[in-house]
Amino acid sequence: MKKLCFIFVFALFSTLCLCTGASAEEISFTDYLDEKIDNYEEVVEISQYVYDNKWTEDDIKSAVRDYFFSSPRLYFIDNGYTLNGADSTKTRYFLNFTYKYSRDEKEIMDEKLDSGIKKVIEGITPDMSDAEKALYVYDYLILNCGYDTSHNNYSAYNCIVDKKCVCQGYALAYKLILQDYLGIDCEIVLSDSQNHSWNYVKIDGKWYHVDLTGGDGTYQYYDGKSYDVFSKVCHDNFLMSDKKCKEVSGLHRSWKVIGDCGAAKSTLYDNAKWRDSSSPMQYYEGKWYYVISVNEGNKRYSKIYSYDFESRKSKLISKVSAKWYLLRDPSSGEKYAYGKKAYKVSFTRLVIKGDYLYFNTTDCIYRYDLKTDKVKKIYTLKKNKGQQIYGMVLSGEKLKICYKYDTTYKDNYINLRLSK
């Protein structure tokens, strides 16, 4: 899996002007830019900050970039700025901003953004801890937003409203929701060497890495097309220590955190069993439910567990035989006979509706009664041999079920109405 992530691109050029000699002590750089941008000013002088802080052009670039990454609502400004100035003691420095939308357009878009965020967090309950709230938002955004392989969508608005973005959009949206709406400290992490960004989240006084892009299941196959895997949410990128962050992905080799944060030393969740889950985790009466794939002898099973964040203990509640087969090679397109090649992972997904937990195997849907622990098969896929179920999501009163030959084929869907 290869993902390209982009951050703001800065164009720098020079012109000689006169220096004003103003002081930057009266108002912070952030508040100053906030005021100018609120007024939709296109040319903003920053000479006093450059001289008072002895900034080089690299320092200016860093300061402005940090400002943008600390302000997730700046979706209405073009991806970048230009700087007028030169290395001279008699130079005045100006930032030039391009506004993508009018004030009236922005007002409408702000309403859509706020409405979208309310929809994201409406399933959060008062009894959830900060870690659980962070997990809920993590799963929701990944499940409802696709990675933008065109690399044109960078903002929190793109993630929450347009539902398509690159790593920067994921990171900004996560920060906006956690910090401004849920009161959870959340910052942006940048890796210039990997051209990537993710989040730093403070849970119970300790910092952790969270990378939504890493949790989004996007692949590229033999035909050159990228594929956003239906209903897949990986959890190996959630609540990582510095050590685990480097182990999980080559995208995390080095980084800079925007903001005054300590190191992510806590390994509290580094070895949690749910890290191997690729299904959205489901919440019910204080417990989270997840599924992982395991091999036992010559058989492959999907094991479903409940998890308590307070005790950090998992409990096995169900185990079903489940194996998915490839019908062609993802890299070359070479075709296989059905049953010859099997995936090493599970495509079992979980959905909770009312007091029932629904899960799928290769060709069946089951209902697990969370009150009585009874399991009942409620659906069997009636399609040509070789068609398999590749996940499901809740859509109103129905399960939207994805089926196809393997992940390299086009998605097909069935809507299964749930009985009350």
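1. Start with R312, which you'll find in the loop between β15 (299-308) and β16 (313-321). Keep in mind that you're looking at a predicted model. Most residues other than glycine have a negative phi. R312 isn't a glycine, yet its phi is positive, about 60°. Its relative accessibility is 42%, so R312 counts as partly exposed.

2. Now hop back to H151, in the loop between β5 (146-147) and α6 (156-162). Here too you have a residue other than glycine with a positive phi, near 60°. Is H151 buried or exposed? With a relative accessibility of 17%, H151 counts as buried, because the cut-off for buried is under 20%.

3. Time to zoom out. The protein chain has nine helices and 25 strands. The radius of gyration of the protein chain is 24 Å, close to the 22 Å that the globule rule gives for 420 residues, so the chain is as compact as a globular protein of that length. Its C-alpha trace spans about 75 × 50 × 45 Å along the principal axes. Of the 420 residues, 55% count as buried.

4. On to the charges. How many salt bridges are there? The count comes to 15. One of them joins D110 and K106, whose closest N and O atoms are 2.8 Å apart. Both residues sit in helix α4, four residues apart, which is about one turn of the helix. D110 and K106 are both buried.

5. Another salt bridge pairs K287 with D308, and there the closest N and O atoms are 3.9 Å apart. K287 lies in strand β14 (residues 287-296) and D308 in strand β15, so this pair ties together parts that are 21 residues apart in sequence. The two ends have their own labels: K287 is partly exposed, at 30% relative accessible area, whereas D308 counts as buried, at 19%.

6. If you'd like to see a network of salt bridges, pick out K243, K244 and E247, which are linked in one.

7. Last stop: the surface. Which residues gather in a patch of negative charge there? They are D104, E105, E107 and E111. E107 belongs to helix α4 (residues 103-121), and that helix also holds the D110 and K106 pair from point 4.

Terms used. Residues are numbered from 1 along each chain as its sequence is written. This is a predicted model: local features need pLDDT of at least 70, side-chain atom pairs count only at pLDDT 80 or more; totals for chains, interfaces and linings use all residues. Side-chain values use heavy atoms; hydrogens and water are left out. Patches are made of residues with over 30% relative accessible area and no salt bridge: like charges are joined within 9 Å, nonpolar side chains (Val, Leu, Ile, Met, Phe, Trp, Tyr) within 5 Å. Accessible areas come from the Shrake-Rupley method with a 1.4 Å probe; for residues, only the protein chains shown count as cover. A salt bridge is a side-chain nitrogen of Lys or Arg within 4 Å of a carboxyl oxygen of Asp or Glu. Lys and Arg count as positive and Asp and Glu as negative; His and the chain ends are not counted. The place of a charge is taken as NZ of Lys, CZ of Arg, CG of Asp or CD of Glu. Helices (H or I, at least four residues) and strands (E, at least two) are DSSP runs, numbered from the N terminus. Buried means under 20% relative accessible area, exposed over 50%, partly exposed in between (1.4 Å probe, protein chains only). The radius of gyration is taken over C-alpha atoms; the globule rule is 2.2 Å times the number of residues to the power 0.38.
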